[in-house]
Number of protein chains: 2
Amino acid sequence: MVKDPLKKIKPEILRISAYHLKPQPCQIKLNQNENPFDVPEFIKVLLAEKILQRSWGRYPDFHATELCRKLAAHTGWIPGGITVGNGSNELLQIVLHLVLERGKKLLLVTPTFALYRIMGLSNAAAVLEVPFEDFSCFPRGGLLEAIDKERPDAMVLCSPNNPTGTLLESDVLREVLELTDGLVVLDQAYHEFSGYHGVDLLHRNPHLIITRTFSKAMAAAGLRIGYLLGHPEVIEQINKVKLPYNINFMTLAAAEALLDNLDCFLEPIQELIRERQRLYNEMSEIQGVEVFPSRANFILFRMKDTARVFTNLRQKGILIRDVSSVRGLENCLRVSVGLPEENLEFLRVLRESVQ
Amino acid sequence: MVKDPLKKIKPEILRISAYHLKPQPCQIKLNQNENPFDVPEFIKVLLAEKILQRSWGRYPDFHATELCRKLAAHTGWIPGGITVGNGSNELLQIVLHLVLERGKKLLLVTPTFALYRIMGLSNAAAVLEVPFEDFSCFPRGGLLEAIDKERPDAMVLCSPNNPTGTLLESDVLREVLELTDGLVVLDQAYHEFSGYHGVDLLHRNPHLIITRTFSKAMAAAGLRIGYLLGHPEVIEQINKVKLPYNINFMTLAAAEALLDNLDCFLEPIQELIRERQRLYNEMSEIQGVEVFPSRANFILFRMKDTARVFTNLRQKGILIRDVSSVRGLENCLRVSVGLPEENLEFLRVLRESVQ
């Protein structure tokens, strides 16, 4: 008799809609908050040499010791409080898996990055959502009230938040940390564009975990490298569940080369921040467009006829992200900050679209 | 008040001993079942070119479509029934996570690869073990009885089994598939050395899942690439939990290049099989050494004084795996099949050690 392969799968997983992004060819790609500046050529050459020299048949470093040491120097945190993953997503997934199971609670402030919810559901946990009241700041009152009432086992706070661009104020974060005894994950994928790092809070808050990525400011989305800062006791538990040799030798070598050359990324980051400001200012002057201030490398905006505007941009070769089907983001679109000439072209077509 | 960061972590995870392998420098490395032949130089050059040309700032392929198409051609299975991971371990972990939670059961035949048990425990599942009676074949009677009695939700059968080298006979696998309605994962990390592939069984058994790796026969342990063959309905669920963009662009390109040049690996595989046979024959003639037949690229053997023998080999620059502390593997050591001259040197020092 042929067996039903879905019979044993958790019902919460069967009900999840997969995270999906249809690849669409375009001339100007402003849909994934990628860094348009790429990494410098000489770093690529360094890696190409490593790839030619090194035996591919041998396992990579078990502990990524050298990379963690460099990350400690970069972040000002201790090497024993750092671990690395295939993108920060892998590390977020592990942290939530440490804590969540059926009957446990994950708290999110929404709208936010879609994967957190999927990670909660795949562990059969309850996912509780505190909605933003407006996108200029985190909903302090609602958040503290929900923590007090629901006693969540874990929460993920994305700051700056994707896709709203909102920065979590450090005072609010301190209040959250004071009130909860659940794990608090601060996802700082975009922190380099915000000017806030929060590492000081790790010292007195062993239940705080910070995740970061090389995908945005470090222009390495193609490499999938992320890292996590936390208390050494938590890192020890993470390293039990994290698979051995999770990062391959090429990625380790690339990440080390990027960290050795951090200076190269400072000016591109500043330019993206200036471009973000210019985009914000110019978009604010377009009638019928409501623009939300952002501390990241993207901008969320609201307007009528998003479907028509999205398609019009698409037809002119510009791909942005249509987030209007997400609850709380009705009539919203998100645009990544691109190269100056890409942003100009985006502004031109956007203006054209509203006329 | 400083919070206890371990308070919310599952007790089963707190109790796990981390999988750990201390790196030890050596001249002859026979401890991780790596392929000593490396990949051909021209494949490395192909990848180096890709790394120089491609923007690192852009995300990799969402679906690894081209790689799955090539894997379908290679395996004779359908592209919609294939997914790829950072080593087969990532895929094993996801499959078990689909099914396991507190109150569910994972069945293993032991001794086997240590990570399966950790994966079961990290999901707070009960891990049931059926011991090998001897290492020449899987314990058919005990396995069928345990399935009948315990109704496990999932099982992982490693074939050839690490570290015993035992091949699961296809007749026994058929009986297992007939009897259980849990998910059956066949971990075929070493299948290229065994002559058995088992893909035909996927057609009538949608609850069968096969995992494989590029780390052994394909000489790419440093790259961390694995793949999974299963029913498209199961793949759909796996792809919900598997993180988007889990494989970076370099690894994808490397895996495609390896598959395009499969011919290069056929002769090295044959040579490793011949060397395994030679090692087996010569080790069998050493008095006091009990050698177990193997269908993989390693050999398990039992003898007195394993600690002294291991240390003696170590002092002569030869690193093998001391598995003697594992239950069921008392007095056992495992040696990977290396280059002909490495195997000769190993044999020489082993003979010396027992005199």
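Trainee: Let me start in helix α10 of chain B: about how many helical turns separate Arg278(B) and Glu275(B)?
Mentor: About one, because the two residues are three apart in helix α10 (residues 263–284) of chain B. Keep in mind as we go that this is a predicted model.

Trainee: What do those two side chains form with each other?
Mentor: Arg278(B) and Glu275(B) form a salt bridge, and the closest N and O atoms are 2.7 Å apart.

Trainee: And is Glu275(B) buried or exposed?
Mentor: Glu275(B) counts as buried, with 9% relative accessibility. Arg278(B) is partly exposed, at a relative accessible area of 24%.

Trainee: Which residue does Arg151(B) pair with in a salt bridge?
Mentor: That would be Asp148(B), with an N to O distance of 3.5 Å. Arg151(B) is partly exposed, its relative accessible area being 37%.

Trainee: A loop residue, then. Is Glu34(A) buried or exposed?
Mentor: Buried, with a relative accessible area of 4%; the cut-off for buried is under 20%.

Trainee: What else does the Glu34(A) side chain reach in chain B?
Mentor: The side chain of Glu34(A) reaches the backbone nitrogen of Tyr59(B) at 2.8 Å. Within chain A, Glu34(A) also meets Lys29(A) in a salt bridge, at 2.9 Å from N to O. Lys29(A) counts as partly exposed, at 23% relative accessibility.

Trainee: Leaving out residues up to four places away in sequence, which residues does Glu34(A) touch?
Mentor: From chain A, Lys29(A), Asn297(A), Ser336(A) and Val337(A), and from chain B, Gly57(B), Arg58(B) and Tyr59(B).

Trainee: Zooming out, how many residues does each chain give to the contact?
Mentor: Chain B gives 92 residues and chain A gives 92 residues. Between them the chains bury about 8,300 Å², with 58% of that on carbon and sulfur atoms. There are also 58 residue pairs in polar contact between chain B and chain A, counting pairs with both residues at pLDDT 80 or more.

Trainee: Which element gives the most to the side of chain B that touches chain A?
Mentor: That is α2(B), with eight residues. The residues on that side of chain B divide into 47 nonpolar, 21 polar and 24 charged.

Trainee: Back to chain A for a moment: where is Glu101(A)?
Mentor: Glu101(A) is in the loop between α4 (87–99) and β3 (105–110) of chain A. Glu101(A) is buried, at a relative accessible area of 12%. Residues that Glu101(A) touches include Asn123(A) in chain A, and Lys10(B) and Arg102(B) in chain B.

Trainee: Changing topic to strands. What is the order of the open sheet of four strands in chain A?
Mentor: The order is β9-β10-β13-β12, with antiparallel pairing. β9 (290–291) and β12 (321–322) are at the edges, each with a single partner strand, so one side of each has no neighbour in the sheet.

Trainee: How many bridges join β10 to β13 in chain A?
Mentor: Five bridges join β10 (residues 298–302) to β13 (residues 332–336), and the two strands run antiparallel. Arg302(A), for example, has Cys332(A) as its bridge partner in β13(A).

Trainee: And in chain B, what do β9(B) and β10(B) form?
Mentor: A hairpin, with six residues between the two strands. β9(B) and β10(B) pair in the antiparallel sense over two bridges, and Glu290(B) has Arg302(B) as its bridge partner in β10(B). Strand β10(B) is mostly covered, with four of its five residues buried.

Definitions and conventions: Residues numbered from 1 in each chain as written. Chains lettered and ligands numbered in written order. Predicted model: local features only at pLDDT ≥ 70, side-chain atom pairs only at ≥ 80, totals over all residues. Heavy atoms only, no water. Contact = heavy atoms within 4.5 Å. Buried area = accessible area lost by both parts, 1.4 Å probe. Polar contact = N/O pair within 3.5 Å; in protein donor to acceptor, adjacent residues only side chain to side chain. Nonpolar A, V, L, I, M, F, W, Y, C, P; charged D, E, K, R; others polar. Buried < 20%, exposed > 50% of the residue type's maximum accessible area, 1.4 Å probe, protein only. Pairing = 2+ DSSP bridges. Salt bridge = Lys/Arg side-chain N within 4 Å of Asp/Glu carboxyl O.
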